[in-house]
Amino acid sequence: MFFERPESGEVAVLVHLDLASEEDREDPKEFEELALSAGADPVALVSGSRRGPSPKFFVGQGKVAEIAELVRTQSAELVLFNHALSPAQERNLEQELKCRVLDRTGLILDIFAQRARTYEGKLQVELAQLEHMSTRLVRGWTHLERQKGGIGLRGPGETQLETDRRLLRARIKSILRRLDKVRKQRDQGRRSRRRAEVPTLSLVGYTNAGKSTLFNRVTDAGVYVADQLFATLDPTLRRLELQDVGPAILVDTVGFIRHLPHKLVEAFRATLQETSEASLLLHVIDGDSDERPSNVDQVQKVLQEIGADTIPVLEVYNKIDLMPGVRPHIDRDEDGKPVRVWLSAHSGEGVDLLMKAITELVGTEVVHRWLKIEPQEGFFRSQLYAQGAVLNERADDKGHMELEIRLQKRDFLQLLSRAGIEPER
């Protein structure tokens with residue numbers, strides 16, 4: 001760390017205020033789940049209400065005293081606020097409570113730091129942490145003042161705080177350069193898929209909605225799954241075979257959450273680009289959650305922020321195994337197009353309906369017919385078999401071969417072109 005602050009441990013006191021000035025209030029239950037996901041051991045929840053936050057401590061003097069007493073009696077080493085604190089408020093609280101104080105953004109950043117596994121994920125988390133930290137550097141190193149004169153005391157002409165800021169800016173620039181390289185590599189992969197006309201399906205949804213469980217169920221990928229917030233952080237791509245469509249790419253992405261810190265959205269832009277350029281978004285929704293409508297709204301807000309709000313969406317209502325009386329089914333609009341699938345990723349019920357709905361939405365016109373094959377068209381016949389497009393084969397009265405084929409129209413036209421056969425047939 002660049003600055004001196006109290007050590008943080010796992011025993012934590014949680015603080016949540018209902019502010020009259022807040023239109024969209026945080027959820028204390030979700031905040032407790034966040035704390036547990038970070039590895040904290042919550043021993044108390046301090047709640048209350050105010051018209052607006054106090055400039056000095058965010059909470060009032062009475063609450064500060066109440067929190068301090070709980071910290072002392074519970075031997076707490078960490079106080080977590082379910083709000084965004086200013087650097088000054090954070091510092092004032094730490095001096096008053098004599099323990100580490102972390103706000104909601106810092107807590108989410110810590111969870112991300114624990115879960116990042118890939119090179120890109122670690123870079124993105126570090127970038128978000130450094131940008132968050134850059135506003136929280138404090139003058140804690142006065143013993144390293146380097147603007148004095150005299151023999152042996154001359155330094156580079158800057159305070160330790162200025163040195164910290166300079167080093168931090170240099171590190172941020174270095175990470176941005178590396179992430180830019182990763183972004184270009186991702187762009188290249190996406191361009192290749194577009195040229196090959198391979199559709200990309202991106203799983204999106206509120207954190208802990210069951211995206212990774214569904215991803216594993218469909219692809220046998222073995223992605224880490226846990227009943228906790230932000231179990232998945234690094235994006236995973238897998239090839240998927242769709243009937244009548246062919247290969248597709250399925251992407252598992254990081255879950256969204258209320259008031260996802262803007263710095264995180266910025267840092268993870270390279271990852272979220274997979275979502276913003278997908279052919280179809282599979283919006284996985286926890287059908288059993290009491291917060292279902294507000295969670296759906298939050299996901300739509302983030303999709304709008306990353307420019308993915310115009311992409312076609314198929315809603316996937318998950319966890320019907322926890323919803324008595326609900327059976328797997330597809331809801332359709334007035335044109336007969338699938339708009340919603342009800343399933344259980346845990347038990348596998350309804351996953352076949354999901355595949356059917358995806359095929360209908362991403363598949364274009366399908367050619368299904370009997371086709372007469374001339375003796376000189378052996379290459380064309382072999383290509384149809386290689387595509388897995390032949391359903392049946394028979395000989396007519398004159399001994400000509402006839403094939404029953406089923407494949408995408410664009411693939412059929414490509415095969416005709418390669419074989420030098422006119423499309424009119």
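Q: Where is Arg178 placed?
A: Arg178 sits in helix H6, which covers residues 160-195. Please note that this is a predicted model.

Q: Is Arg178 buried, exposed or partly exposed, and why?
A: Arg178 counts as partly exposed because its relative accessibility is 33%, and that class lies between the limits of 20% and 50%.

Q: Which residues gather with Arg178 in a patch on the surface, and what is the charge there?
A: Arg178 gathers with Arg165, Arg169, Lys173 and Arg177. The charge of this surface patch is positive.

Q: Moving on to Asp27, where is that one found?
A: Asp27 belongs to the loop that runs between strand S1 (11-19) and helix H1 (28-37).

Q: Buried or exposed, and why?
A: Asp27 counts as buried, because its relative accessibility is 17% and buried means under 20%.

Q: What does Asp27 touch, not counting residues up to four places away in sequence?
A: With those residues set aside, Asp27 touches Asn82 and Glu291.

Q: And how many residues apart are Asp27 and Arg258 in sequence, and what is the C-alpha to C-alpha distance in space?
A: In sequence, Asp27 and Arg258 are 231 residues apart. In space, their C-alpha atoms are 8.9 Å apart.

Q: Next, Ser54. Where is the place of that residue?
A: Ser54 is part of the loop between strand S2 (41-50) and helix H2 (61-73).

Q: Which residues is Ser54 in contact with, leaving aside neighbours within four places in sequence?
A: Apart from those neighbours, Ser54 is in contact with Val59 and Gln89.

Q: Does Ser54 count as buried or exposed, and why?
A: Ser54 counts as buried, because its relative accessibility is 12%, and the limit for that class is under 20%.

Q: A change of topic: backbone angles. What is the phi of Lys98?
A: Lys98 has a positive phi of about 60 degrees, although Lys98 is not a glycine. Lys98 lies in the loop between helix H3 (87-97) and strand S4 (100-102).

Q: Is Lys98 buried or exposed, and why?
A: Lys98 is exposed, because its relative accessible area is 65% and exposed means over 50%.

Q: What about the phi of Lys319?
A: The phi of Lys319 is near 70 degrees, which is again a positive value in a residue other than glycine.

Q: Where is Lys319 found, and does Lys319 count as buried or exposed?
A: Lys319 is found in the loop between strand S9 (313-318) and strand S10 (329-332). Lys319 counts as buried, because its relative accessibility is 19% and buried means under 20%.

Conventions. Residues numbered from 1 in each chain as written. Predicted model: local features only at pLDDT ≥ 70, side-chain atom pairs only at ≥ 80, totals over all residues. Heavy atoms only, no water. Patch = residues over 30% accessible without salt bridge, like charges linked within 9 Å, V, L, I, M, F, W, Y side chains within 5 Å. Areas by Shrake-Rupley, 256 points an atom, 1.4 Å probe, with all protein chains shown as cover. Salt bridge = Lys/Arg side-chain N within 4 Å of Asp/Glu carboxyl O. Lys, Arg positive; Asp, Glu negative; His and termini not counted. Charge placed at Lys NZ, Arg CZ, Asp CG, Glu CD. Helix = DSSP H or I, 4+ residues; strand = E, 2+ residues; numbered from the N terminus. Buried < 20%, exposed > 50% of the residue type's maximum accessible area, 1.4 Å probe, protein only. Contact = heavy atoms within 4.5 Å.
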